[in-house]
Amino acid sequence: MELAKPVYDSKRRILLGVGSKVHLKYLEKLDQIGVKYLFVDDVKSKGISLDEMMDMPTWIDMISIVEQAFEAAAKDEFLPLLEIQKAVKKLIEEVKQRNAIVLIPTTAVDRALIPFAHMVNVTLIALQIGKKLGYTNSQLNDLGIGCLLHDIGKVKTSIREDHPESGFNIIRANREISLMSAHIAYQHHETLDGEGFPRKLAQDQVLELAQICSIANDYDNFISLEGLLPHVALEKIMTLSDKKYGHHIVVAFSKGIISYPPGTNVQLNIGKGIVTRIQSNPHRPVVRLHQLQKEIDLNEQPTILVEVVLNEEEEMSKL
Ligand SMILES: [Fe+2]
C-alpha cells in the first residue's frame with residue numbers, strides 16, 4: 001500500500017509524501033504523534049479520486065490561519081482579520097465548486113493541529129449547509145467567520161461551559177467582525193430543546209446560523225473524534241433533528257454530505273464492490289463490482305442495497 005495523501009507534522013511540514021510505502025515502523029511513529037487516519041492507494045482503489053474532498057495543502061493553509069488567530073487571541077492581540085477573511089473566501093469557493101463534501105478527518109494530522117483542523121472542518125460543513133439553504137455571499141461570510149472562530153474562547157478558559165461567552169467577547173473586541181459571527185460562537189452549544197449551554201436558550205432564541213454551526217460541530221466530532229463512518233454519523237445527526245437543531249437544517253445538511261465516499265469498500269445485496277464516484281445522489285454512489293468487473297449506479301438501481309461497509313483491514317487479513 002502507498003500513501004495517497006501526505007502526512008503533516010505539528011509544524012505543518014510534510015512528514016511522509018504521496019507515494020511513500022506504508023511501513024510498520026512509520027505506523028508506530030504516526031501513532032505516537034496522534035495520526036490515526038491515512039489515505040492509501042492499493043490495487044482495488046486504483047484510479048479512484050476523491051473530488052469531494054478539499055486538497056490537503058489548502059486544508060493545511062486554512063489550519064495555519066486558524067492557529068494564528070488563536071495565538072493572537074491568547075496574547076490579547078487583534079485577530080488577523082485579512083487572513084481570516086481570505087480563508088473564509090477560499091472555503092466558500094471550495095464549497096461552491098462541489099455538490100457535496102467529504103471531510104478530511106482531523107486525526108489525519110499531528111494531534112497538536114487537531115483543534116484548528118476541527119474549526120476548518122466545521123466551517124466547511126456549515127458553509128455547505130448555508131449554500132443548500134440559499135444563503136447570500138454576505139450571509140455565508142458571517143457564517144464562515146463565526147464557525148472558523150467558534151471555539152476561540154477556549155484560549156481564555158479551560159471551563160467548557162465558559163468558552164462560548166469568552167469567544168463572543170474575543171470576537172466582539174474586533175469591531176470589523178459582524179455581531180452575527182460573534183453570536184455563532186456564543187450560541188454554538190445551545191439546543192432547540194433548551195438543554196444546551198451557556199444560557200439554555202430554546203427554540204427561536206437559537207439563531208439559525210448557530211444551529212448550523214452546532215450540526216457541523218457534531219458531524220466533525222462524529223467523523224474525526226469518534227471515527228464513525230459517514231453514513232452512521234448522518235443517522236446520528238438525524239436522531240437529533242428538532243431536539244438540537246431544526247429539521248430544515250438537517251435536510252439541507254443531508255443534501256451536502258456523502259454517505260459512502262469514493263474508495264469505500266461495500267457489501268451490496270448482489271456482491272462486493274468499491275465506491276468509485278458520486279453521480280447525482282450523494283447517498284447512492286456508483287459502485288464497481290469486483291466479480292462482475294462492471295460499474296453500477298445505485299441511484300438508477302433502487303433494489304440494490306448497501307448492506308454493510310467493509311473494513312479494509314479485516315479484508316486484508318482474510319487474504
Ligand atoms: Fe465549542
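Predicted model: local features only at pLDDT ≥ 70, side-chain atom pairs only at ≥ 80, totals over all residues.
The protein is divided into three parts: domain 1 covers residues 2-41, domain 2 covers 56-256 and domain 3 covers 265-318. Between the C-alpha centres of domain 2 and domain 3 the separation is 32 Å. An unreviewed UniProt entry lists residues 115-222 as "domain: HD". This span is 59% helix and 0% strand, and its end C-alpha atoms are 14 Å apart.

Helix α4 (residues 114-132) packs with helix α5 (residues 137-148); their axes come within 8 Å and cross at roughly 155 degrees. Because angles over 145 degrees count as roughly antiparallel, α4 is roughly antiparallel to α5. The crossing of α4 past α5 is right-handed. On the α4 side the contact involves Met119, Val122, Thr123, Ala126, Leu127 and Gly130, which meet Gln139, Leu140, Leu143, Gly144, Cys147 and Leu148 of α5. By class, eight residues of this contact are nonpolar, four are polar and none is charged.

A second pair is formed by helix α8 (residues 208-225) and helix α9 (residues 230-239), whose axes lie 9 Å apart at an angle of about 140 degrees. The two helices, α8 and α9, are therefore oblique to each other. Helix α8 likewise passes α9 in a right-handed crossing. Residues Ile215, Asp218, Tyr219, Phe222 and Ile223 of α8 meet Pro230, Ala233, Lys236 and Ile237 of α9. The contact of α8 with α9 comprises seven nonpolar and two charged residues, with no polar ones.

Technical notes
Residues numbered from 1 in each chain as written. Axes fitted to C-alpha atoms, helices over the stretch in contact; angles between N-to-C directions. Helix = DSSP H or I, 4+ residues; strand = E, 2+ residues; numbered from the N terminus. Parallel < 35°, antiparallel > 145°, perpendicular 65-115°, else oblique. Left-handed = near helix turned anticlockwise from the far one by under 90°. Contact = placed C-beta atoms within 7 Å. Nonpolar A, V, L, I, M, F, W, Y, C, P; charged D, E, K, R; others polar. Domains from an automatic or database assignment. UniProt positions renumbered as here; feature names shortened; annotations may be inferred.
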